[in-house]
Amino acid sequence: MAASSSLQKTTLSEGSALAADEEELPSEDEPAISASEDEEGSDDERKHNKLLEAISSMGGRKRRKQNERSEASLQVSEFFVNAEGTGEKVMLSDLLGTVEKTPGTSNKTKKQLRKLENSKDTLDLPLNKQETEKIQRAIAFEKTAQEVALWKTIVMNNQRAEQMVFPLNQEPLGPKRVEQIVAGWKAETPLEQEIFKLLHNNSQPVIDPILTPVEEASLKAMSLEEAKIRRAELQKARALQSYYEAKAKREKKIKSKKYSRVKKKKKRKEFLKQFEEMVKTNPQAALEELQKIEMSRMKERMSLKHQNKSKWAKAKAIMARYDLSARKAMQEQLQINKDLTQKIVVHSDDEHESKGKELETVPDFVNDPEPVIDSVNPWMKGQLTCEEPEVSCVTPEDAQTAEEENKEEELLGEFERKRRLRQADEEALTPAEEKKHASEVVGEDVVEIADNDENDDKEEEEVEEEEEEEEVDVSEFNTLFKLMRREKTQEAPEVGEELLEGPNRIRNMEDLEVLDEGLEPQPIVAPSLPQTAVVEATSEPTNKKSKEIDLNEVLTKEANVIKVPFLPTVVEEEHDEQISIIKEAFAGDDVISDFIKDKRKQEAAGKPKDVDLTLPGWGEWGGVGLKPSRWKRSRFTVKVAPPPPRQDQKLPDVIISETRDASIGRHQVSYVPFPFANTDQFESCIRTPIGHTWNTHSAVQKMTKPNVVTTMGAIIEPIVKEDFIKEKTTEKTGTKHSSERKQRRSRKRKNKLENE
Amino acid sequence: MKVKVLCRNPDDYVRETTRDIQRVPRNYDPTLHPFEVPREYTRALNATKLQKVFAKPFVASLDGHRDGISCIVKHPKSLSTVISGACDGEVKVWNLSKRECLRTVQAHEGFVRGMCSRFCGTSFFTVGDDKTIKQWNMEAPGYGVRDEPINTILGKTVFTGIDHHYKEGTFATCGQTVDIWDEQRSSPLRSFSWGVDSFNCVRFNPVETELLASCGSDRSIILYDTREAAPLRKVIMKMRNNTLSWNQMEAYYFVCANEDYNLYTYDIRYLDIPVTVHMDHVSAVLDVDYSPTGRELVSASFDKTIRIFGKDAGHSREVYHTKRMQHVICVRWSADNKYIMSGSDEMNIRLWKANASEKLGLLSAREKAAANYNKKLIEKFQYHPQVKRIATYRHLPRELLRQKREQREMKLAQRRKDVNIRKHSKPGSIPVVTEKEKHVVAVVE
């Protein structure tokens with residue numbers, strides 16, 4: 001830095017140099033400092049010069065040495081510059097004197113200068129170098145950032161583009177001049193020269209396929225997009241025109257009198273409307289129109305055209321006696337006459353007002369809706385109902401409640417019907433003994449099932465394996481019911497919610513265990529309870545049983561019932577009804593039995609089936625009605641090894657799908673990759689095939705289009721600013737023009753209004 | 001009598017020439033072609049495997065230099081011409097298609113520090129340790145004529161880099177200051193300096209041609225505009241940048257190769273945070289160059305590898321290395337987007353394919369279609385673990401792999417530590433600093 005400061009001092013730090021006293025300027029020639037020279041040396045030299053100067057100035061008469069520039073050089077030092085007549089102070093007024101006389105200067109600057117001349121204040125110190133540089137940098141950066149930001153849209157578009165073809169601006173196809181292709185071609189023969197001279201003089205194309213300069217300019221003037229837009233506009237206009245023409249033609253061909261009459265009427269109406277508007281906007285023209293109408297009216301009155309005096313009318317008049325249509329036609333004629341001869345009255349403003357007043361005088365209640373007394377739907381009654389609810393025989397609230405009750409009743413009826421249906425089904429299915437059980441108390445059921453659990457060991461010996469398993473399942477589910485039951489008895493008011501939650505909770509095996517434990521104390525208490533309670537429990541069931549979830553639904557198999565003393569249940573009477581209602585509501589969804597059925601189905605599906613390879617007729621007689629022998633069948637049936645035990649074999653309330661293949665997992669994506677928002681998107685993307693097996697040639701081409709296409713052996717040049725940014729500027733000017741046009745138009749409109 | 005005849009358009013079943021393949025009528029009914037996804041998946045997997053099989057990126061090695069290569073320059077108008085400068089001051093002009101050296105010049109005493117070619121391709125400039133800027137004719141001199149520079153400028157200090165304006169006859173050098181020169185003059189038009197540190201790289205923006213940027217030894221990147229009086233702005237990073245490269249399709253992006261093993265892409269409008277941090281190298285990155293399409297960038301590193309990054313990708317898509325390639329000092333992407341040239345310490349210039357498995361030469365339409373289809377298939381199934389595993393696997397030398405793992409371990413440890421510190425201090429007292437924010441120390445206006 002220190003070494004290079006010589007250059008900086010000369011160029012950049014003019015301010016500091018100017019600050020130095022003019023008197024102290026060294027008169028000696030300051031040689032151009034080269035880099036090889038020592039900085040200190042030059043400094044010393046200058047000091048020495050200063051010293052000499054000081055000494056010479058002491059001597060009184062100043063000896064000025066003329067500065068000379070010995071050699072043309074880039075670095076012009078301020079030390080070379082010397083002015084004639086130094087010492088005479090230059091006043092600001094001397095410099096500004098000429099400004100006053102020059103004609104071009106504006107008054108404002110003159111004024112400013114005069115002010116400056118008069119003011120005696122010293123100027124503020126300029127900012128220090130660091131600060132000024134910082135400001136300069138900040139400004140420069142802003143400018144550059146803005147300039148660079150022009151690229152933003154182009155960059156974004158290129159990034160988003162489905163396909164980019166590089167190099168970007170390939171040479172346009174089309175005719176080219178021979179000069180463009182062959183560099184050194186000249187017209188040589190005199191004839192050629194003459195022809196070319198002529199052509200050049202008229203600025204005509206020299207070789208046939210090319211365009212004149214004017215044409216080229218016009219081509220350049222309109223970009224492709226603009227041209228497209230223009231073409232589209234023209235097309236639209238043409239299409240519209242043709243539609244319009246076609247329509248006119250069609251209408252012209254119509255001969256229907258009715259149609260023409262309607263059309264005429266329409267026209268008249270339109271005309272009237274226009275006229276009314278005209279009265280408001282342009283009264284003079286309206287007056288003229290009015291006069292015209294008046295004239296036509298006069299003519300109508302003078303003529304006998306619609307007066308039923310024509311030949312046709314007379315004939316009709318004869319017919320009118322017998323024919324209704326003829327009479328009508330005549331009446332219409334008269335009506336037309338009346339309409340045409342009627343005088344058009346232009347309403348004045350006073351009339352309007354009076355009309356308004358008239359309207360106001362009509363009492364309010366006229367507008368009120370009629371009091372509709374609808375007991376069922378209070379919302380239809382408008383404002384009146386809320387004002388006078390006594391009018392209606394049933395208040396809205398009453399109506400609502402009545403409605404609700406109706407609904408409830410309906411629902412109950414529905415449930416009742418369903419239940420009956422199911423009961424009928426069951427009766428058909430279950431044996432009589434079972435039925436008897438079913439009709440017993442719920443409490444009893446619960447106890448039985450509870451005991452089922454305890455007596456598992458005993459049953460194992462008796463029942464088959466499969467059955468036993470199922471029983472375990474069932475017992476598990478029954479614990480759930482126990483829970484429900486218990487909850488019902490203990491916290492009856494919340495029964496509804498709890499019941500709903502029940503099946504969800506039981507999913508957890510630990511829960512089940514906990515429930516079992518919770519239930520166990522009850523049977524211990526049971527024997528101590530008096531028999532009456534049991535009797536009560538037995539007496540109640542008839543109605544209660546009907547409200548419970550039917551156990552037989554749950555026990556899809558016959559349960560081995562072991563009789564144990566009942567567990568009496570205390571049912572609070574007041575909640576009974578509510579519980580029963582809820583029970584009713586969920587009587588239809590026997591989720592648990594469904595689940596068991598589902599599981600069994602899945603198990604069955606998972607079992608491999610024996611393969612029968614018997615060929616009928618092979619080695620024996622075959623034909624219709626003949627079956628291969630049993631021996632043969634057994635001989636050729638391949639027995640498949642039993643599958644490994646199901647994972648959910650020991651889990652009664654779980655179905656674990658065996659269809660899942662772990663080996664596929666290695667090929668599957670375990671997460672939703674970035675650009676996709678959800679699995680559906682990703683899956684749909686994967687699902688769409690892109691190959692030619694599933695798609696047409698063009699579709700495949702479109703789908704497998706590469707993002708970046710480069711031409712072999714073509715140099716890809718950097719993007720050129722002029723090709724892209726220029727368009728933007730023209731667009732901008734275009735918008736400007738349009739906005740200006742708009743402004744002009746609006747101004748014109750304003751003027752018009754003012755004129756009026 | 002009217003006779004009705006079934007007729008078909010011969011265009012549907014007759015091939016145009018005998019060399020064409022037979023036309024096959026196809027029924028695209030999806031029920032006839034079941035298992036779309038599994039079939040395409042298999043194809044994708046096969047395509048991926050084939051891609052790996054055909055991935056042979058190394059094309060050629062140009063030997064002839066007698067010292068490490070310090071810089072490579074592309075010819076702006078000719079794809080096959082490349083100029084390289086070595087650490088012994090020798091400059092060689094190569095013909096890539098013939099893979100031979102066309103011309104050798106002893107340009108400087110000491111290193112050839114920087115080179116650049118004129119935008120028109122008629123001449124090139126070199127700067128060296130002998131404090132000179134030399135302009136050479138691109139054409140070799142006639143037989144028996146001594147190879148002399150067109151122009152020699154003796155500077156005051158050593159120049160460490162040079163770059164030419166993309167449209168005008170001016171160029172910029174860096175050293176103690178960044179100087180802008182006119183080709184016709186022997187002294188700089190203007191010189192920028194900000195602080196006292198020297199610069200090691202200067203580059204003109206190929207799009208906004210008046211803009212240029214330099215890397216300084218004070219860990220800074222400075223932006224300049226030749227039309228302005230002062231530099232524009234300065235970013236100071238944690239470590240020094242070795243070189244930088246402008247994106248020639250997106251005017252406001254540049255990428256710099258840093259000593260801290262990373263590359264940083266910056267948007268010049270928002271210098272306080274880099275747009276992307278490209279990580280993967282395990283040693284200082286020495287050189288970087290954008291692809292001419294501006295979609296990718298290639299970097300050369302002291303860890304003896306070349307890596308190719310997507311423009312917005314944090315990690316590389318490709319790594320090139322050979323047993324014999326030493327520290328890679330300079331790298332350039334060829335102007336047709338097909339090749340990469342790398343110059344390394346062991347005096348060789350290597351030519352690589354930019355796309356490792358791409359087939360060179362002309363492709364028939366069907367080959368092209370198949371290649372496109374395979375590419376799209378791989379892209380479609382890129383997230384499937386098997387495809388991904390094969391597609392992203394790259395062999396690395398043992399030493400490199402060890403370093404990579406080591407660094408990963410270190411990074412994880414650092415992250416763990418940060419998390420622990422944050423966990424055991426007052427909430428909010430230690431802010432979360434993202435990877436991007438970490439590396440910028442300050443932006444000086």
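1. Accessible areas in this note come from the Shrake-Rupley method with a 1.4 Å probe, and for residues only the protein chains shown count as cover. On that basis chain A exposes about 58500 Å², of which carbon and sulfur atoms supply 55%. This is a predicted model, in which local features need pLDDT of at least 70 and side-chain atom pairs count only at pLDDT 80 or more, while totals for chains, interfaces and linings use all residues. Residues are numbered from 1 along each chain as its sequence is written, chains are lettered from A and ligands numbered from 1 in the order in which they are written, and side-chain values use heavy atoms, with hydrogens and water left out.

2. On the make-up of chain A, there are 35 helices and four strands, where helices (H or I, at least four residues) and strands (E, at least two) are DSSP runs numbered from the N terminus. Of its 756 residues, 22% count as buried; buried means under 20% relative accessible area, exposed means over 50%, and partly exposed lies in between (1.4 Å probe, protein chains only). Among the contacts in chain A with a separation of 6 or more, 65% are accounted for by residues 24 or more positions apart, a contact being heavy atoms within 4.5 Å.

3. Most residues other than glycine have a negative phi, and most peptide bonds are trans. Phe166(A) and Pro167(A), however, are joined by a cis peptide bond with omega about -5°, and Pro167(A) is found in the loop between strand 1 (164-166) and helix 8 (178-181) of chain A. In chain B, Arg99(B) has a positive phi near 55° although it is a residue other than glycine; Arg99(B) sits in the loop between strand 4 (90-95) and strand 5 (100-106) and is partly exposed, with a relative accessible area of 48%. Arg219(B), also not a glycine, has a positive phi of about 65°, lies in the loop between strand 15 (211-216) and strand 16 (220-225) of chain B, and counts as partly exposed at 34% relative accessibility.

4. Salt bridges come next. Side chains of opposite charge can pair when their charged atoms come close. Taking a salt bridge as a side-chain nitrogen of Lys or Arg within 4 Å of a carboxyl oxygen of Asp or Glu, the structure holds 37 of them over all chains. One of these is formed by the side chains of Glu722(A) and Lys167(B), at 3.6 Å from N to O. Because Glu722(A) lies in helix 35 (residues 721-755) of chain A and Lys167(B) in the loop between strand 10 (161-164) and strand 11 (170-174) of chain B, the pair joins two chains. Glu722(A) is partly exposed, with a relative accessible area of 45%, and Lys167(B) is partly exposed too, with 39%.

5. Two further pairs are found within chain B. Asp218(B) forms a salt bridge with Lys234(B), the closest N and O atoms being 3.6 Å apart. This pair links distant parts of the chain, 16 residues apart, with Asp218(B) in the loop between strand 15 and strand 16 and Lys234(B) in strand 17 (residues 233-237). Asp218(B) counts as buried at 17% relative accessibility, and Lys234(B) is buried with a relative accessible area of 7%. The side chains of Asp280(B) and Arg307(B) also meet in a salt bridge, 3.7 Å from N to O. Asp280(B) lies in the loop between strand 21 (276-278) and strand 22 (285-290) and Arg307(B) in strand 24 (residues 306-310), so the pair ties together parts that are 27 residues apart in sequence. Asp280(B) is buried at 16% relative accessible area, and Arg307(B) is buried at 5%.

6. A network of salt bridges links Glu147(A), Lys721(A), Glu208(B), Asp225(B) and Arg227(B).

7. Lys632(A), in helix 31 (residues 630-636) of chain A, is buried yet has no salt bridge, and the nearest side chain of opposite charge, Glu620(A), is 4.0 Å away. Lys and Arg count here as positive and Asp and Glu as negative, while His and the chain ends are not counted. Leaving aside neighbours within four places in sequence, Lys632(A) is in contact with residues including Thr614(A), Leu615(A) and Trp618(A).
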